[in-house]
Amino acid sequence: MTDGVEPGVTGQQLRNVRLLVAYDGTDFRGFAESDGVRTVEGELRGAIERVVRRPVELVLGGRTDAGVHGWGQVVNGRLPVETDLYRLMSSINQLLRPEISVRDPAWVDDAFSARFSATSRTYRYDIWNDRSPNPLVARHAWHIGPAVDIEPMNTAAGFLLGNHDFSSFCRKPKPGPGYGEPSLQRELHHARWRRPDSSALVRFEITASSFCHQMVRSIVGTLVDVGFGRIDAAEIPAILAARDRNAAGQVAPPTGLTLWHIGFDGPRWDAAV
């Protein structure tokens, strides 16, 4: 292997490529491939294989659930070195529009992994907070009629920053055969609510090194309960300490959630291993 180029099983020279992917997840059963259901990865991989005329395996920067959207999803895989990346991008977009779009294709070093090279992930969650629904954002925002107060929601979000066991905000994973339960310890770097243009749109942005299953939606739902006065912001430390999903609030629907950005700056999570 030299400069990220390796021979394929047919002798064809392959090189590692990175693609930035956006998608409307409304009509997909999540990003990652799963037998018998329509997924973003399945459609994307199928389109790539149709263009390059060979099997392709993709590595995902993040797994999103059914109904969750993406703007800054990152994938990588190995393609023939003679592939014209911009022609590939154009062909994929013709095949998959308007639900899936690829931009910023680039050859990368063979060591790059969209999953393991990532150092941060940022999600956005949008709420349309008005008595009247907005059909223009209905596929990408949670409609909540009664007004929510974002000041206590931000106070509550502040208690989540730092390194915590987020068991109270995560769907408990099933350990694989022979393995113990995986850690739900996570480092949360940023969590903030705002009204971008003083309208009915309320936006939450959250960044961590990684997230466990349903963590963002559980945090959003709990903070909305704070905004309604159902939970006091000062209760968040106790909810964290409980390490019990039943201690937290509701789980927000997938509609308003978007994987916004995956960062690759700084040390890799496994750099010390």
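**Reading a predicted model, feature by feature**

User: Is T119 buried or exposed, going by relative accessibility?

Analyst: T119 counts as buried, because its relative accessibility is 15%. Buried means under 20% relative accessible area, exposed over 50% and partly exposed in between, with a 1.4 Å probe and protein chains only. This is a predicted model, so local features need pLDDT of at least 70 and side-chain atom pairs pLDDT 80 or more, while totals for chains, interfaces and linings use all residues. Residues are numbered from 1 along each chain as its sequence is written, and side-chain values use heavy atoms, without hydrogens or water.

User: Where is T119 found, and which backbone oxygen lies 2.6 Å from its side chain?

Analyst: T119 is in the loop between β5 (100-107) and β6. A polar atom of its side chain lies 2.6 Å from the backbone oxygen of D265. Helices (H or I, at least four residues) and strands (E, at least two) are DSSP runs numbered from the N terminus.

User: How do I read the buried face of a helix? Which residues of α3 are buried?

Analyst: An α-helix has 3.6 residues a turn, so residues three or four places apart point the same way. In α3 (residues 150-158), the buried residues are I150, M153, N154, A156 and A157. They lie on the same side of α3 because they cover an arc of only 160° around the axis. The arc is taken from the directions from the helix axis to the C-beta atoms.

User: What do the buried residues of α3 pack against?

Analyst: Their partners are β9 (185-194), β10 (201-208), α4 (215-227) and α5 (236-242). Contact means heavy atoms within 4.5 Å. At the start of α3, a side-chain oxygen of D149 comes to within 3.1 Å of the backbone nitrogen of E151.

User: Where does Q214 lie, and what does it touch?

Analyst: Q214 lies in the loop between β10 and α4. Leaving out residues up to four places away in sequence, Q214 touches D65, F169, R171 and V251. Q214 and D65 are 149 residues apart along the chain, yet 8.3 Å separates their C-alpha atoms.

User: What volume does the largest pocket have, and which residues are closest to its centre?

Analyst: The volume of the largest pocket is about 1400 Å³. Of its 39 lining residues, R63, R115, R186, F211 and C212 are the closest to the centre. The lining has 18 nonpolar, eleven polar and ten charged residues. β3 (59-60), β6 (120-129), β9 and α4 each supply at least two of the lining residues.

User: How many cavities of 30 Å³ or more are there, and what lines the largest?

Analyst: The structure holds one. The largest cavity holds about 30 Å³ of space, and its lining is V17, L19, I48, L58, N76, G77, L79 and L88. β4 gives the most to this lining, with three residues. By class, the lining has six nonpolar, two polar and no charged residues.

Technical notes. Polar contact = N/O pair within 3.5 Å; in protein donor to acceptor, adjacent residues only side chain to side chain. 1 Å grid on protein atoms, 1.4 Å probe; cavity = no way out; pocket = protein on both sides within 12 Å on 5 of 7 lines; lining within 4 Å. Points joined across faces, edges and corners; volume = space filled by probe spheres on them. Nonpolar A, V, L, I, M, F, W, Y, C, P; charged D, E, K, R; others polar.
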